[in-house]
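Hi,

Here is the structure I promised to send over. Have a look at it first, and then read on for my notes.

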Amino acid sequence: MAISKRYLTSLLVGTLAATPALAADPVKIGVSQPLTGAVAASGNYVTNGARLAAAEINENGGLLGRQLELIIEDNKSNPREAVNAAEKLILRDKVPVIMGAWSSTYTLATMPKLEEYGVPMVVETSSSSKITTAGNPWIFRIAPTSAMEAQAFAKNLSSFNPPIKKVDFLSVNNDWGLGASQEFEKMFKANGIEIGQKETVAPDTVDLSAQLSALKDTGSDTLIMTSGVEQLTLGIRQAAEQQLPQRIVTTGGSFPEPLLESPGPKGYTSSHLLFFSPWTPESAVHPEIAGAFVDAWNEAGYSFPGLSEGFRGYDGIMTIAAAIEDAGSTESEAIRAALWNVQVEGVNGDISFFKQGPAGKESGQNEPNVYVVQLKDGKVSAQ
Amino acid sequence: MNWKLFAIFVLVLGLLPFLWPDPYFLSVMGSAGIMIIAAISLNLLLGYTGQLSLGHAAFFGIGAYTSALMSLGFDVDIGFGITWQVDAKPVWLAFATAIVVTGFFGWLVGKLAFKVRGAYFVVITISFAQVMRMISLNWTDLTEGPMGMISIPPFSLWIPGEGLMNLTSKAAIYWLVLTVGVLAYLLIAMLVSSRQGRAMIALRENETLATSVGIPVTYFLALATIISAAIAGAAGGLYAHTVRIIDPDVFLFIYTVTMVIMVVAGGKGTLGGPVIGGLIFGLMPEMLRGTVQPEVQWVIYGITMIVILLFLPRGLVPAFYDFIAWIRSPGAIPERESRRVLATEVKS
Amino acid sequence: MAEILQHVVNAMVLGSTYALLGIGLTIIFGIMRVVNFAHGELYTLGAYVAYGMVALLKLDFFSSILVAALVGMLIGALIEYVFLRRKDLKNIDEVMLIMIGIMIVMQNLELMVWGGVAKIIPTPFSQDPIAVASVSISPTRLFVFSVAAVLLFVFYLGIERTRFGLAIRATFQDQDAARIVGVNVKRIYTLTFALGSAMAAVAGALLAPVFVATPLMGDLASLKAFAIVILGGLGSLGGAAMGGFLLAFIEEFGAGYISSAYRDAFGFLVIIIVMLFRPQGLFAAKERVG
């Protein structure tokens, strides 16, 4: 990860400027993200967003009069490591609250530990509905569920020309990919669209040619792809190589960044469902907040397309910070209670939690906004 | 084997949770302990029988998955319309099944792999582990694939006065691992000093010679592999019910490499080797955590392993014993020194 | 029919790079009997050198492949000189473990330098696929195939027609006899390791633009290289080349018609099956393996 000198200087200056006013003991927030492995690109984006939020909070006087310190653990794109990371954060670093763990699979794996030790977690990316319906009162999700994503996409169906009549699916074969294809299938059927073929792929596969060949002659006009940045890029590239006739729509909020520099064939268009579009910041619910975030990101020297996921880390930390301020304490139980009352204006939009799940053990769920963009010849525009 | 030293060591380890009750420290010791058990099992094959089996993570993983599957119960369609359904079994039964099943796979791999020797053998064992990984990754009906198996039930023990207790506290897990570890160590210790053990060592030293004096090579190779695999399977089962989540990455080559480093650095073919190696390489990641990135740590381990292989090829434990012997007899002047003394005498 | 042709085309491209990878390992394994676990790391190194040259130094793609080969050669020679010289190579176990150590160090150095995120290597070729009927191939893949094929041919010429090649073949057949007739076996060892590593590096530099460069890509590459060596048989360079293409075909058609998910497993299954039924490989002369 490249940290520009300017960012380091501003962080240093900000910290030094704020230091005299702050007490010694920092407030700690744990972060569990995939910094290496199959989905490392996204994990790094989210973590950078989190860092920006922490820097901003510290510049403005910290939390409860103290410095905010992020303790970042790499869950290595693996559910077992996610459990290890959570235990390290809770037992060794004694964090009162965590943000994580990116993929639904890692989050689901972490959840029993949250209940065991009584530590709340703000879920910034995972979209499987199982997370908020499992009856875990320590979970608060700001990201949309796949069902919400599908519903939001339904509102965008008319923007596609030629209209979508029959869809295929290519999903990563874990909770996220499979859950997404299920929810989207339900939505498409409800809108009278035919379902073609469904293919799956393992998370670290780089050669998708077999799956793509199988999808070539299905007669569908659209292919819905759900996976991380790396696989979306490879999938789109290889689909173009094999001359797949379907137009490609990606879901889950990841953007195939490498295609900006190395675009597909001339005129090749793909559409992407995002939860924040840095190319059209004016469409955000709070353009000033979105704009300020984009500026801070660019100043830090992070890659521009990473904004489409980096905002999650930012919104997540801001949400936790609001809860801590509201609770006036760094006790896990107090933070958990306070999370129910947060009302934050984030980069994606307004954040607050409603109850979801079995009665008495509800988790918190937010209702975020969805944006659709189009990528053509290395340029992005609104769909 | 030095019984007094062993008893003291076990006593100290047993009292550790009272001396240092921090749950994080105990969980680190527990994980190190599980890897040590796996290393002890690998040592039987690698150190005593001289077979460089580099697919040992396969046995660890098979043990873990078998135990998890048996304790959760499963229901799969194995083609031709036949479903294989097993109800959830008590954890102890699942654990025992895992040991037996892994032993069986050990026998299977042994049969396969011992048709060839040397480098070919190594490659087959590695391939076996990779194939197991692919299967666990893709047979999602059975293993949940990359989503992993979660909510694996813990061990439970009947304690007089408390009834059936789930072994979930870090201290309880630590003691459980310690118990299995001591049992594994004792088993290996007794094995290598028995007739069977000596036959295995003869195999390692010179296979052709061993055959010529009538040692049934294949029989002992099979015995060694079965026991080695079974112990590794026990380690895997322990892992499944203490960490309570497993995924196909348990089959990764990197875990085999970790076990190999522990055995080789500690001293292959010695009883204490895998334990010392396991303690060092099991605890180093924790001690270096926070100060040094994991990638840098692994570079350090790699370099350590290379240095030990180049300069102390028998491992740390034998080198330590050599050092003790050297200290004990200060009267023994090294050869260079004696030549120098003689040379100066001749000159004058 | 078109689908079969498409698979054939894909297999030829992959096969050519696999052949390079496999021959590289065969000469090292065949001549020095070293189980080179670091072979996959040279492959990764080649990919990252290509990335570094193209993305960071803005060198053109073609020269970067050359640089990758040179770097591979250097590192290979270095490894042999520093680590393997002092070891009696008869200690197969210790040599293997040293190579594992080297693999760990190289892989994690790569992780430290480049980070864990996959890197895409920009190529100067257009992304428009070249299509004949409904069989298509991207210009990048076509280029990769051509370069690999040329290199294989050059290697063949080098081995068969030059004195150096003669020395290698002699050492391959019988070390001691080669020593007797005056071949400097020590130097051959270094050159062999260097050459084998260079081929792995070129294979990496060629394949990386087709897919992505990650620090962990070497793991799979090492094992596939072994599968190729075993398929083709140790005593045969031609066998290794054929083994490369054969593995690619097995993977392509296996993934296409049996199961796309088990694509990478076919290599390992092949190893196990060949070991069971014809341990000396498909193309080699008889050799004692057990």
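To get you oriented in chain A: where is the place of Ser77(A)? Ser77(A) sits in the loop of chain A that runs between β2 (66–74) and α3 (79–92). Before I go further, please keep in mind that this is a predicted model.

I started with Ser77(A) for a reason. Most residues other than glycine have a negative phi, and most peptide bonds are trans. Ser77(A) is not a glycine, yet its phi is positive, about 55 degrees.

Chain A also has cis peptide bonds to look at. One of them joins Gly100(A) and Ala101(A), with an omega of about -5 degrees. Ala101(A) belongs to the loop between β3 (98–100) and α4 (104–117) of chain A. Another cis bond leads from Asn161(A) to Pro162(A), and its omega is near 5 degrees. You will find Pro162(A) in the loop between α6 (146–154) and β6 (166–172) of chain A.

How chain C meets the other chains

The size of an interface is often given as the accessible area lost when the parts come together. For chain C and chain B, that comes to about 3,600 Å², with 83% of it on carbon and sulfur atoms. Here 39 residues of chain C touch 38 residues of chain B. How many salt bridges are there across the interface of chain C and chain B? The rule finds zero.

Chain C and chain A bury about 2,200 Å² between them, and 55% of that is on carbon and sulfur atoms. On the chain C side, the residues that lose the most area to chain A are Ile120(C), Gln127(C) and Phe211(C), which together make up 25% of what that side buries. In this interface, 28 residues of chain C are in contact with 28 residues of chain A. There are two salt bridges between chain C and chain A. Have a look at the pair Asp207(A) and Arg263(C), which form a salt bridge with their closest N and O atoms 3.3 Å apart.

Salt bridges overall

Over all chains, the whole structure has 21 salt bridges. One to click on is in chain B: Arg133(B) pairs with Asp249(B), the closest N and O atoms being 3.2 Å apart.

Helix packing

Two packed helices are described by the angle between their axes and the distance between the axes. In chain C, look at helix α5 (residues 139–161) and helix α8 (residues 185–207): their axes come within 10 Å and cross at roughly 165 degrees. The two helices α5(C) and α8(C) are therefore roughly antiparallel, and α5(C) passes α8(C) in a left-handed crossing. From α5(C), the contact uses Phe143(C), Val144(C), Val147(C), Ala148(C), Leu151(C) and Phe155(C), and these meet Leu195(C), Met199(C), Val202(C) and Leu206(C) of α8(C). By class, that contact has ten nonpolar residues, no polar ones and no charged ones.

Chain B has a pair to set beside that. Helix α2 (residues 23–48) and helix α8 (residues 195–205) of chain B pack at about 50 degrees, with their axes 8 Å apart. That angle makes α2(B) oblique to α8(B). Leu44(B), Gly47(B) and Tyr48(B) of α2(B) make the contact with Met200(B), Ile201(B) and Arg204(B) of α8(B). The residues in the contact of α2(B) with α8(B) divide into four nonpolar, one polar and one charged.

Cheers

How values were computed: Residues numbered from 1 in each chain as written. Chains lettered and ligands numbered in written order. Predicted model: local features only at pLDDT ≥ 70, side-chain atom pairs only at ≥ 80, totals over all residues. Heavy atoms only, no water. Axes fitted to C-alpha atoms, helices over the stretch in contact; angles between N-to-C directions. Helix = DSSP H or I, 4+ residues; strand = E, 2+ residues; numbered from the N terminus. Parallel < 35°, antiparallel > 145°, perpendicular 65-115°, else oblique. Left-handed = near helix turned anticlockwise from the far one by under 90°. Contact = heavy atoms within 4.5 Å. Nonpolar A, V, L, I, M, F, W, Y, C, P; charged D, E, K, R; others polar. Buried area = accessible area lost by both parts, 1.4 Å probe. Salt bridge = Lys/Arg side-chain N within 4 Å of Asp/Glu carboxyl O.
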